[in-house]
Amino acid sequence: MLNKRTTEVYALGQHISMSAHKARRVIDQIRGRSYEETLMILELMPYRACYPIFKLVYSAAANASSNLGSNETNLVISKAEVNKGTIMKRLKHRARGRSFAIQKPTCHITIVMKDISLDEYIDTNSITWSQKPKSKKKDTTMSYYDMYSNGGTWDKK
């Protein structure tokens, strides 16, 4: 039996001070793209969320070259997600001794990169039945994001 070799690395940014909705606007544009194309997109987009995402993509690529020894041209963003973080609550002083609640949202960003050149398999025929895991693994295929197949980014508001 053949098992797939681990070809994914990730970078996780926690407690980034911006709303998850604003970060998702940028993440949706880079999901499924290659590493070099992602860096060009992030440099040219005019949003404040681009800089922390740029740093995370760069960090994930450094993890891939360090841990897997892979080349940057073979990296593809296989998964990118933004989760809601904690909300920092502050008070703003107003007139007549009153105060107004200010909520500063945070988010957690996860970037998972996959090396498409390392699709090698590991032979597990030498493992006995007692050593094999009992879990059933579903066969999942990865689909890459194609902006031309679904009308592009101009349809989104």
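Which side-chain polar atom lies 3.1 Å from the backbone nitrogen of His15? It belongs to His108, and we'll come back to that pair below.

A quick note before the views: this is a predicted model, where local features need pLDDT of at least 70, side-chain atom pairs count only at pLDDT 80 or more, and totals for chains, interfaces and linings use all residues. Residues are numbered from 1 along each chain as its sequence is written, and side-chain values use heavy atoms, with hydrogens and water left out.

**View 1. The whole chain, before zooming in.** The protein chain has three helices and five strands, in the order β-β-α-α-α-β-β-β along the sequence. Both kinds of element are DSSP runs numbered from the N terminus: helices are H or I with at least four residues, strands are E with at least two. Of the 157 residues, 32% are buried. Here buried means under 20% relative accessible area, exposed means over 50%, and partly exposed is in between, with a 1.4 Å probe and protein chains only. Take the contacts (heavy atoms within 4.5 Å) with a separation of 6 or more: 74% of them join residues 24 or more positions apart. The accessible surface comes to about 11500 Å², and carbon and sulfur atoms own 51% of that. Those areas come from the Shrake-Rupley method with a 1.4 Å probe; for residues, only the protein chains shown count as cover.

**View 2. The largest nonpolar core.** This core has 29 residues. A nonpolar core is a set of buried Ala, Val, Leu, Ile, Met, Phe, Trp, Tyr and Cys residues joined through side-chain atoms within 4.5 Å. Those with the most contacts inside it are Ile27, Ile53, Val57, Cys107, Ile109, Ile111 and Met113. At least two core residues come from each of β2 (8–16), α1 (20–30), α2, α3 (50–68), β3 (75–93) and β4 (99–115), and α3 gives the most, with seven. Look at Met113: leaving aside neighbours within four places in sequence, its contacts include Tyr35, Val57, Ala60, Ala61 and Ile77. In soluble globular proteins, nonpolar side chains tend to be buried together.

**View 3. Helix α3, from end to end.** With 19 residues, α3 reaches 26 Å from its first C-alpha to its last, close to the 27 Å expected at 1.5 Å a residue. That expected span is 1.5 Å times one less than the number of residues. Its buried residues are Cys50, Pro52, Ile53, Leu56, Val57, Ala60, Ala61 and Ala64, and they pack against β2, α1, α2, β3 and β4. After the helix comes Gly69, with a positive phi near 70°.

**View 4. Helix α2 and its buried face.** Tyr35, Thr38, Leu39 and Leu42 are the buried residues of α2. Seen down the helix axis, they fall within an arc of 100°, so they line one face of α2; the arc is that of the directions from the axis to the C-beta atoms. Met40 and Leu44 are exposed on the other side. The buried residues of α2 pack against α1, α3, β3 and β4.

View 5. Ser34 caps the N-terminal end of α2, with a side-chain oxygen 3.4 Å from the backbone nitrogen of Glu37. Thr38 has a relative accessible area of 0%. Not counting residues up to four places away in sequence, Thr38 touches Ile30, Arg33, Val57 and Ile77.

**View 6. His108 and the strands around it.** Back to the opening pair: His108 lies in strand β4, while His15 lies in strand β2. His108 is buried, at 18% relative accessible area. Beyond neighbours within four places in sequence, the contacts of His108 include Gly13, Glu81 and Lys84. Lys84, in strand β3, is exposed at 63% relative accessibility. Among the residues touched by Lys84 are Ala20 and Thr106.

View 7. Most residues other than glycine have a negative phi. His15 is not a glycine, yet its phi is positive, about 55°. Arg96 isn't a glycine either, and has a positive phi of about 60°. Arg96 sits in the loop between β3 and β4, exposed at 78% relative accessibility.

Note on methods. Polar contact = N/O pair within 3.5 Å; in protein donor to acceptor, adjacent residues only side chain to side chain.
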